[in-house]
Amino acid sequence: MQIAEVTRRLAKAPRDARLHLRRGELYRRHGEWDRAIRDLTRAHALSPDLITVSFVRAHTLREAGRHREALTAIDVYLVRHPDHGTALLERARDLHALRRHAEAADAYTRAFARLATIRPGFYLAQARALVAAGRSADAVRALDKGIARLGSALPLRVYALELELEQKRYAAALARLDRLLAKARRKEKWLVRRGEVLLAAGRPQKARADFARALAAIDALPARHRNAPVMKKLRTTAEQGLRKSRGN
Amino acid sequence: MRITTVLIPLVFLVAGCSSGTPVVTIVVPPGPDLTVSALVRVGATWKFLDDGTDQGTAWREPDFDDTTWASGQAEFGYGDGDETTLTNFGPDPANKFVTTYFRREFQVDDPAQVVDALLTLLADDGALVYLNGIEVVRDNMPVGAIAFSTLATGAISGTTETTRRVNAIDPVLLRQGRNVLAVEVHQGDITSSDLSFDLDFLISTGAPFVVRGPYLQQVTRTSIIVRWRTLRPSESRVHYGAAADALFLNAGSDALATDHEVLLTDLTADTVYYYAIGTSTGLAAGADDSHNFRTAPAAGSTRSIRVWVIGDSGTANINSQRVADAYRAFAGNERTDVWLMLGDNAYGSGTDAQYQAAVFETYPDFLRTTAVWPTIGNHDAVSADSPTESGPYYDIFTLPRHGETGGIGSGTEAYYSFDYGNIHFICLDSQDTDRAVDGAMLTWLQADLADTMAEFVVAFWHHPPYSKGSHDSDDAGDSGGRLRDMRERALPLLEAAGVDLVLTGHSHSYERTVFLNGHYGTSDTLTPAMILDGGNGREAGDGAYAKNGAAGAVYVVAGNAGQTGGGSLDHPAMSISLNARGSLVLDIGPGRIDGRFLDEGGVVQDTFTILRGE
């Protein structure tokens, strides 16, 4: 409906860059990337000084998966607005998609410094870029910055835990698990994970206790939770862990 | 208002609170402090001049002699058929007079007592308003000097023609005794078919005018957030208590704000509180029986919970009004405990003005009594900047980031969960958040599901996993693949944890599945094994859906609270598909969920029941 209205206005004013920008944005929202990019490219040609076009065009190109072009467009925008937090974030996401991981990680850092609100997913993305760049320890530090800033950031805590384990930093992993356990209303998932970490750390007796506690916690759940597929799977994992901890 | 600070045991004020002797500010709220006066009312009598002459600037002044002008009652204008007084546009319909003048005087006894003034203007196409010779409103008119021949910035049409626009007026411009409002209404085009003018002008001697709300957010067993908007910055204060005439408690902030947000804490579970909003010295709204809320019941409560669900409701027209009216009539005096909005809450772009019309002016009674829990739709997202969580959707709603309302904190307002009684509600963002299984949202979802002890789990978001309405869930390209993504990635996680009910919008229809499990592909992959109960789910029909284990859920598309959108409506997973406007009403009590689709005419067109077998 809105697209039709803007198209009607464009018929009267075909050289109106703002109308092309508006329609391009609407096409983008409907996922019609080619039409959107065509309008935005036209808007840029009609009014090169309308710098907003570069930003929207970059965003659209990124959504269309054309990251190389998106990066070029966002860099044009950043020349005029070098401290624009969202634009810096877009740039980081493009670099990440282009597998320029180290640059992406740095770009995320620059963006985070300029943004008042950062979603957990972006910290996660930065950590993944760092891991891909071979900097797992830096990734853990980046996640901890995110945790400190966001407070509630369970996905960051989980990924940090996994990275600690990959680096065989069992004590650090256990400390992270203890923090998760302390906050959890239901403990069984974290107890099983703790048992697995203890097994990996060569502490089967401690592991056995955690697997046993997890199984007891599962048994204590109401049937509606106990019988959920995810809990059945967890029970199997706990039972396997228990056997391993006994050396079976 | 008299305010006294005393030492009093809190236990005397709110049953169930801990004992002790904290300092409590006791407010004795006298009703008269809610004092609003109309200086000029809608439909008032005005002097006017519509002869096409250029009056220059002298006519704006209070002392101008307008005795030769005609007199008439608003609404003024021509061309719409709703005018009380027709004005003259001149001899040539293709060259209408651009400017028509209006004047009205009124008396103010004591301007020093006025704390706020509000002028609500209806002007088609544009207008300038002067108070005692000073320009106070410029509506749809260009910047700079305005001449007799200056056209409005543009011709207005549609609902904008009948929208009354609210303007804050500086009360210091009021004089003791005689005051004069002078208005010049300009056409946007000399061939325009219509012209309209009316206004009202209110003053308050209590607190600044409220132009939005009050509305409620994040209700829990012990807390709630009250929000409202004023045009004039003021402190934020909520007075509350067990009765409308006993608002003995208050909370708030002395900081000046126009968008007010006050958290009330230490409330008692499952208890009705009455409230008023305003300042320490005056009330702006409330202190009556219509401003109240009930806190959430404690976990383990056996009380049935009423949930009202509207999707794609943001049309701000008679359609959304009719849907709301049907529910008002259906509910009667029964309180709505939980109110869900399934996205596209304000068409077409989710701007602040569109939210004003589609939400705040459509549901004012619900907003002040029931906390609303929204999800973001594609239209809301046009004006919202999701990466930075800014823009109208994020500014208007205060949603839990840190598990304030139960569940695990997500670290973002884009997706969240909350507990209400024995129900765990999960809101996902299908629009603007990474939908990867190892992304932040779905990682959080798994942890949140693994942490709840609730009897029922209800999830909601915007894009439907199954639909053959105005959107097709079989089309991988529909809405950027969002329907497919949510079906393929979110549903397995939800079902693995035993979700009971999933609510979505986006398709402008009502579509409700049979009792399903494990259907994550396109509709042609649906097998009998995925249908746990293919009946209609009605106790009086094929029988309720019995959830004996953890498997089985009902999926509802209800994006029809503002419009219908057709489509083939033949998804094989559906028990019923309707091209009708309406809303979904849920009653969730111990061991059962009862759902009803209530159409805009007040007819229940579908019912279903899920019974827990344990």
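This is a predicted model: local features need pLDDT of at least 70, side-chain atom pairs count only at pLDDT 80 or more; totals for chains, interfaces and linings use all residues.

In which sense, left-handed or right-handed, does H10(A) pass H11(A)?

Reply: H10(A) passes H11(A) in a left-handed crossing. The axes of H10(A) and helix H11 (residues 170-183) of chain A come within 8 Å and cross at roughly 155°. Because angles over 145 degrees count as roughly antiparallel, H10(A) is roughly antiparallel to H11(A).

From H10(A), the residues in the contact are A:Arg157, A:Ala160, A:Leu161, A:Glu164 and A:Leu165. H11(A) contributes A:Ala172, A:Ala173, A:Arg176, A:Leu177 and A:Leu180. By class, the contact of H10(A) with H11(A) holds seven nonpolar, no polar and three charged residues.

Helix H5 (residues 67-80) of chain A packs against helix H6 (residues 85-97) of chain A at an angle of about 155°, and their axes are 9 Å apart. H5(A) is thus roughly antiparallel to H6(A). The crossing of H5(A) and H6(A) is left-handed. On the H5(A) side the contact involves A:His67, A:Ala70, A:Leu71, A:Ile74, A:Tyr77 and A:Leu78. These meet A:Ala87, A:Glu90, A:Arg91, A:Asp94, A:Leu95 and A:Ala97 in H6(A). The contact of H5(A) with H6(A) divides into eight nonpolar, one polar and three charged residues.

H10(A) and H6(A) also take part in the contact between the chains. That contact takes 32 residues from chain A and 36 residues from chain B. On the chain A side, the elements that give two or more residues are H6, helix H8 (120-132), helix H10 (154-166), helix H14 (223-226) and helix H15 (229-245). The side of chain A that touches chain B is made up of 16 nonpolar, ten polar and six charged residues.

The domain assignment of chain A gives domain 1 (1-82) and domain 2 (188-248). The C-alpha centres of these two domains of chain A lie 53 Å apart.

Chain B is assigned three domains: domain 1 (2-34 + 208-294), domain 2 (36-204) and domain 3 (305-612). Where domain 1 of chain B meets domain 2 of chain B, the contact takes six residues from domain 1 and seven residues from domain 2. The domain 1 side of that contact in chain B has four nonpolar, one polar and one charged residues.

Two sheets of chain B complete the picture. One is an open sheet of six strands in the order S5-S4-S8-S13-S10-S11 (chain B), with antiparallel pairing. Strand S5 (70-73) and strand S11 (134-139) of chain B are at its edges, each with a single partner strand, so one side of each has no neighbour in the sheet. The twist in this sheet averages 25° from one strand to the next. Strand S4 (residues 45-49) of chain B pairs with S5(B) over four bridges in the antiparallel sense, and B:Thr45 has B:Gln73 as its bridge partner in S5(B).

The other is an open sheet of seven strands, ordered S24-S25-S26-S27-S32-S28-S33 (chain B), with mixed pairing. Its edge strands are strand S24 (416-420) and strand S33 (574-578) of chain B, and its twist averages 15° from one strand to the next. Within this sheet, strand S26 (residues 456-460) and strand S27 (residues 501-504) of chain B run parallel and are joined by three bridges. B:Val458 stands opposite B:Leu501 in S27(B).

Key
Residues are numbered from 1 along each chain as its sequence is written. Chains are lettered from A and ligands numbered from 1 in the order in which they are written. Domain bounds come from an automatic or database domain assignment. Two residues are in contact if their C-beta atoms, placed from the backbone, lie within 7 Å. Ala, Val, Leu, Ile, Met, Phe, Trp, Tyr, Cys and Pro count as nonpolar, Asp, Glu, Lys and Arg as charged, and the others, Gly among them, as polar. Axes are lines fitted to C-alpha atoms, for helices over the stretch in contact, and angles run from 0 to 180 degrees between N-to-C directions. Angles under 35 degrees count as roughly parallel, over 145 as roughly antiparallel, 65 to 115 as roughly perpendicular and the rest as oblique. A crossing is left-handed if the near helix is turned anticlockwise from the far one by less than a right angle, and right-handed if clockwise. Two strands pair if DSSP finds at least two bridges between them.
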